[in-house]
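Biologist: I'm new to this one. Could you walk me through how to read it?

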Amino acid sequence: MEFGPIWRAMMRSKGGYLLIALQIAVTMAIMVNAIAIMQERSIKMSRPSGIDEPNTFGLVSVGFKPDMDTKSLIREDLDLIRNLPGVVNAIATNSYPLRQGGWSEGLHREPGVGKSVSSSAIYFTDEHGLETFALNLLEGANFTPEQVAWDSDSDDFWPSTVIVTEALAKDLFPDHEGSYIGKTFWFNDDNPTNIVGVVERLQAPWPTWTGVERSMLVPLIRESEFVRYVVRTEPGERDRMMAEVEELLSTSNTDRIIRGVRAMEDTRKLSYLGDSAMIKMLTFIVALLTAITGLGIVGLASFSVARRTRQIGIRRALGATKAAIVRYFMLENFLVSSVGIVAGSILAIGLNILMVQQFALTPLAWYVIPLAMMALWIVGQAAVVGPAKRAGNISPAIATRSG
Amino acid sequence: MLKMTNVSKVYRTDTVETHALREFSLTVDEGEFVSVTGPSGSGKTTFLNIAGLLEDLTSGTYELDGRDVSKLDDTARSRVRNEKIGFIFQSFNLIPELNVFDNVDVPLRYRKFDAAERKRRIEKCVEMVGLGSRMRHLPAQLSGGQQQRVAIARALAGEPRFLLADEPTGNLDSHMADSVLDLLGEINDAGTTIIMVTHELALADRAKRNIFVRDGQVSDGSPDLHIANLAAG
């Protein structure tokens with residue numbers, strides 16, 4: 001290998017090479033940290049909400065007639081929906097995961113003002129909540145119909161039983177080992193409640209919330225003109241049922257309007273719109289930077305070939321094959337890229353430490369830097385192939401031309 | 001032995017066809033020191049390029065060491081150049097970023113000698129041309145004569161059968177030119193065949209045989225007459 005002579009030759013006219021190495025280093029640092037951000041967002045976006053998203057949709061019924069019998073209306077609506085062929089189950093609730101709007105409450109391990117130790121999202125539901133959300137009950141039991149209350153003003157009502165997520169149970173009782181069933185905690189300073197069930201996962205409505213995994217089901221249906229329904233269908237039936245349920249409710253009672261019929265897939269997309277846009281933007285920036293770096297390498301290599309046409313001819317005259325000339329430029333680029341990549345790796349790690357400290361970014365995964373190194377080496381080598389081939393085609397007869 | 005038979009070389013552009021060599025035939029025996037002279041545009045450099053496998057010939061045959069090399073592919077031609085032919089150019093053609101050692105090393109690396117063998121050959125040849133103390137000097141730090149000596153060391157390091165010299169003293173003053181020619185004489189005496197293209201009569205006179213080229217052909221007549229003609233312009 002000709003590393004030694006190539007390196008020594010480069011060191012005697014290092015300006016252009018240093019600039020390209022610097023460009024590669026900056027690209028590497030930005031690329032690595034952009035990938036780290038994208039990776040973090042992507043992991044966040046791919047977290048399961050805990051419900052059967054592909055087969056679930058939500059809708060809202062808004063009554064406009066004064067003094068409506070909302071309790072009857074909700075019962076009728078739920079009966080109609082649940083009896084539709086293709087529907088697995090349905091509930092009336094205040095919110096659902098990823099909706100970005102809902103209720104939360106501070107929780108206490110003992111009664112008293114200012115003793116909140118945790119917080120949780122609250123989903124109102126009846127005994128159909130577990131099946132509608134398709135939750136995995138780890139321990140305990142579902143609500144009984146008798147435990148489900150109806151209330152028009154839920155601010156004054158605090159249930160005596162709840163089903164909590166495992167994450168919430170662990171957060172409330174971090175030192176507890178064994179079953180959480182029967183454990184008591186307090187709402188709103190001094191309203192006690194008992195855990196009757198623990199589910200594996202049910203995300204809160206706010207995906208950006210740090211406590212997104214902490215939520216609970218509360219056995220309550222609010223009597224209100226504004227009712228949010230969640231419907232779970234048989235696999236493959238969702239789109240058909242969305243139209244059918246909307247039509248059914250619209251015609252069953254004309255004193256209300258049905259709106260916001262939205263599949264969970266769309267709710268998820270809307271919920272992560274910012275993250276999705278960030279990933280797209282960073283992908284574009286990384287691609288653009290990589291392309292600019294690639295073009296820079298092409299430019300330097302082309303300039304280098306043009307400047308050294310005679311030298312290449314001399315090498316050819318002295319016995320270099322076309323492949324040897326191509327190899328020379330590939331090696332030269334490999335050395336420049338390596339300098340940039342090593343410097344870029346140090347820069348990337350430094351930048352990541354700063355971002356972890358300043359913006360609570362997740363530290364780099366161990367494999368990101370090796371992957372970025374490989375990518376930039378490949379880009380560098382690919383960028384230099386064209387100019388190197390042109391160099392290989394330079395005639396050895398140039399050596400005998402005067403100049 | 002170098003043997004060209006009826007070699008022609010035609011350069012073509014869209015509008016012009018130039019016959020640089022026409023039915024050119026020449027035989028150079030092993031160990032000869034031959035000068036090739038002729039007026040400007042006579043085809044001397046084209047002959048050198050073809051003899052050195054730097055260019056294809058258009059027609060005819062070219063044998064080098066008994067092997068027909070006129071139809072070799074590019075890779076094979078590079079290999080023959082590297083193994084059998086040493087070049088000395090008018091403008092030295094050293095690589096400016098490389099020091100003396102690395103310049104002489106260039107053809108040896110293409111020959112794939114190991115590092116120890118390359119070092120041995122480089123030191124031997126650079127010592128032979130009297131520049132052993134300047135091994136780490138860059139070309140820009142050497143005089144013209146010294147640069148040409150480095151070029152000669154580079155040409156000899158591969159122990160070629162043929163040395164092709166293109167106006168080897170063209171860029172040197174007379175003192176330096178003499179020392180380079182003396183060196184070429186010594187190399188020839190050691191058995192290396194030398195073909196030297198030049199338009200300088202004094203140089204041609206140092207060769208053991210002179211070939212005169214005119215209009216792309218080896219001209220008939222005695223070398224002395226040709227030299228006299230050349231001198232007359």
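Modeller: Helices (H or I, at least four residues) and strands (E, at least two) are DSSP runs, numbered from the N terminus, and two strands pair if DSSP finds at least two bridges between them. This is a predicted model, where local features need pLDDT of at least 70, side-chain atom pairs count only at pLDDT 80 or more, and totals for chains, interfaces and linings use all residues. Residues are numbered from 1 along each chain as its sequence is written, with chains lettered from A and ligands numbered from 1 in the order in which they are written.

Biologist: Which residue is the bridge partner of Lys3(B) in β2(B)?

Modeller: That's Thr27(B). Strand β1 (residues 2–12) of chain B pairs with β2(B) in the antiparallel sense, over eight bridges.

Biologist: What is the strand order in the open sheet of four strands?

Modeller: In chain B the order runs β2-β1-β4-β5, with antiparallel pairing. At the edges sit β2 (17–28) and β5 (67–68) of chain B, each pairing on one side only.

Biologist: How many residues of chain B are in contact with chain A?

Modeller: Contact means that the C-beta atoms of two residues, placed from the backbone, lie within 7 Å. Here 28 residues of chain B contact 23 residues of chain A. On chain B's side, α1 (44–51), α2 (74–84) and α3 (100–110) each supply at least two residues.

Biologist: And what are the spans of chain B along its principal axes?

Modeller: The C-alpha trace of chain B spans about 45 × 40 × 35 Å.
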